[in-house]
Amino acid sequence: MPLEILLVLVVGGIAGITAMLHLTGKSRLRMLTPESARSEWLRHAPDDAVIDVTVSHDGHAALIRTDAGNGLLWSFGADTVARHLLDFDLLEHPQGFEVQFHEFGAPKAIIHLDELERRHWQHLMEPA
Amino acid sequence: MTDQVTFPDAVQWAVPFFIAGILAEFLWIAVKGKGGRYETRDAVTSLIMGAGNIASGFLLGFIAYAFFMWLWQITPLNLGTSIPVIILCFVLDDLRYYWVHRFGHRIRWVWASHVNHHSSQHYNLTTALRQTWTYTFTFMMVVRAPLILLGFHPAMVLFCGGLNLIYQFWIHTEAIGKMPRWFEAVMNTPSHHRAHHGRNARYLDCNYAGVFIIWDKMFGTFVPEQEDDRVDYGLVHNIGTFNPLRVAFHEWVGIWRDATQPGLTLRQRLAYCFAPPGYSHNGSRDNSEQIKAKHLARYPEDRGTPGFEQFEAKQPNTQAKQA
């Protein structure tokens, strides 16, 4: 296949499919409830016993307290990603906190918190 | 020996069908309200990985091709390019695919290339295109050497490999339940391949087939999709990025960080590179056998069921110890 045609097909295909998905509402972030956050955590870390769950007011992040320590669950597109809070930096962010995980495949999560939540979450995320 | 044999690059010619297939699947899901799901950034990442795979073929493909042409120069055999020979080549190359794919899940060095194909938590036709950029660095082209030494022309072998990849496109869907029984028995299908993409303990390291599922049945790695254990797609430790560069290289970076940490023996460093994924020198991670064993500790009723057959024989000992 001529390179020019291949290039047009690939670029046009990606652009067209992206537009179609976005315009049909497929870019929405996963909303979490305490129940779904607990269930999602156990999907990611089935060996843990969940003690309690704190979901952010925007519904896109949850702090999970487990018998194996604290963890962060956050919306990742229509799905979720979870990490135990073991090796991380907690940085101030204009909309809440930025959690850096020192991991190439999961570099950071930005948690959107209102003023009421911020102090509480900071307290919860401090190492025991 | 002549090298004046040319075959089309089948994967490039299939690009319009890939796009049409994705549109058809998306519309099917929208109309039926079932049969899969799409998410914008996940799909875009998969598509960019597919485009990058084609680009890496342009940039690095010459390495494998030069190796194959060198083999072609030294082999005294030439089976020609008749239709029966092409069919035989296709079947044998599918056997080659089975083993490369199996190595891709059991050797971390090869997994570092293949992992990106499993890194989506979705399973739709875009997932099929989430392909590696780093296959050349796995050196798995050597597994094709016997085919060329047997007299199959390199261009024909690559053509058959392309057809193999095209076949695998349509099986990355939840829109198709089960195919007719005879087809499920012989061919790789959406159902068989859904199980392969599962991160459930049951489905780890199963169904490596490309086109013919018979290889898994022959070599003991076949696990049928279970109605009572819905497939959970993705990685045991799912990644948290849509950045294609991070998707493509995250496991290579992981190998580097693990193997270069201070205080390890040479054996431990090599194990971080070549042992099955999940190896750790201090037991801080689980490989697939350990994940299955932990699952059975939580759900002993699954012992001996598909995906857990290897634990069946150990049951009497466990019971004896418990008694």
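Start by selecting the open sheet of 4 strands in chain A, which has the order β1-β2-β3-β4 and antiparallel pairing. Two strands count as paired if DSSP finds at least two bridges between them. Helices (H or I, at least four residues) and strands (E, at least two) are DSSP runs, numbered from the N terminus. Now colour β1 (50-55) and β4 of chain A: they stand at the edges with a single partner strand each, so one side of each has no neighbour in the sheet. From one strand to the next, the twist averages 20°.

A word on what you are viewing: this is a predicted model, in which local features need pLDDT of at least 70, side-chain atom pairs count only at pLDDT 80 or more, and totals for chains, interfaces and linings use all residues. Residues are numbered from 1 along each chain as its sequence is written, while chains are lettered from A and ligands numbered from 1 in the order in which they are written.

Next, pick strand β3 (residues 69-76) of chain A, joined to β4(A) by 6 bridges in an antiparallel arrangement. Show Trp74(A) here, and you will find it opposite Val81(A) in β4(A).

Move on to strand β6 (residues 96-100) of chain A, which pairs with β7(A) in the antiparallel sense over 5 bridges. Glu98(A) stands opposite Ile110(A) of β7(A).

Now bring chain B into view: 26 residues of chain A are in contact with 29 residues of chain B (contact means C-beta atoms, placed from the backbone, within 7 Å). On the chain A side, α1(A) gives the most, with 10 residues.

Finish with helix α1 (residues 3-23) of chain A and helix α2 (residues 15-32) of chain B, which pack at about 10° with their axes 10 Å apart. Axes are lines fitted to C-alpha atoms, for helices over the stretch in contact, and angles run from 0 to 180 degrees between N-to-C directions. The two helices, α1(A) and α2(B), are therefore roughly parallel (under 35 degrees). Residues to select at this contact include Leu6(A), Ile17(A), Ile19(B) and Phe26(B).

Key
Angles under 35 degrees count as roughly parallel, over 145 as roughly antiparallel, 65 to 115 as roughly perpendicular and the rest as oblique. Two residues are in contact if their C-beta atoms, placed from the backbone, lie within 7 Å.
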